[in-house]
Amino acid sequence: MLVFVYGTLKSTYSNNRRLAEAKLVGDDIVDGFKAYNVGFPVAMPNEGTSVSGEVWDIGNPEEDLNASRILQSLDALESYFPDNEDASMYHRRAVTTRGGHQVHMYVGNPIDWKDYFDAGRAQ
């Protein structure tokens with residue numbers, strides 16, 4: 001499984017330790033999203049904009065216990081609950097990068113962030 005990271009999970013940031021056993025594929029861009037600064041980055045759908053980040057190969061979580069642990073760690077960091085997306089801060093979505101990679105990307109849950117963005121608190 002490939003994941004696209006654009007914030008504190010990138011290689012020079014503190015949460016990258018969660019990807020210590022994953023393989024960096026390289027830099028890439030996802031179109032149709034914008035990363036807002038809310039004290040940390042939150043990507044939201046936004047036509048005409050793009051998000052720069054890194055693609056990481058975590059392995060196959062369905063067949064590899066280590067890959068499963070990495071995915072669980074990422075989901076926990078992003079407050080993503082696969083069985084209850086309404087309660088999740090982020091959603092994990094399949095997207096395609098400019099480089100043609102099929103990746104999973106954590107995108108802000110519009111229910112969670114609507115009031116924040118409507119109040120103009122995001123930059």
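These legends accompany views of a predicted model of one protein chain.

**View 1. Order of the secondary structure elements in the protein chain.** The protein chain contains five strands and two helices. Read from the N terminus, these elements follow the order β-β-β-α-β-β-α. The radius of gyration is 14 Å, close to the 14 Å that the globule rule gives for 123 residues, so the chain is as compact as a globular protein of that length. The C-alpha trace spans about 40 × 30 × 25 Å along its principal axes.

View 2. Of the 123 residues, 41% count as buried. Among contacts with a separation of 6 or more, 59% come from residues 24 or more positions apart.

**View 3. The aromatic pair of Y80 and Y106.** The structure holds one aromatic pair. Y80 and Y106 form this pair in an edge-to-face arrangement, with 6.4 Å centre to centre and 70° between the planes. The pair links distant parts of the chain, its members being 26 residues apart. Y80 lies in the loop between α1 (65-77) and β4 (90-96), whereas Y106 belongs to strand β5 (residues 102-108).

View 4. Buried means under 20% relative accessible area. Y80 counts as buried because its relative accessibility is 8%. Y106 has 3% relative accessibility and therefore also counts as buried.

Conventions. Residues are numbered from 1 along each chain as its sequence is written. This is a predicted model: local features need pLDDT of at least 70, side-chain atom pairs count only at pLDDT 80 or more; totals for chains, interfaces and linings use all residues. Side-chain values use heavy atoms; hydrogens and water are left out. Helices (H or I, at least four residues) and strands (E, at least two) are DSSP runs, numbered from the N terminus. The radius of gyration is taken over C-alpha atoms; the globule rule is 2.2 Å times the number of residues to the power 0.38. Buried means under 20% relative accessible area, exposed over 50%, partly exposed in between (1.4 Å probe, protein chains only). Contact means heavy atoms within 4.5 Å. Rings of Phe, Tyr and Trp (its six-membered ring) pair if their centres lie within 6.5 Å; planes under 30 degrees apart count as stacked, over 60 as edge-to-face and the rest as tilted.
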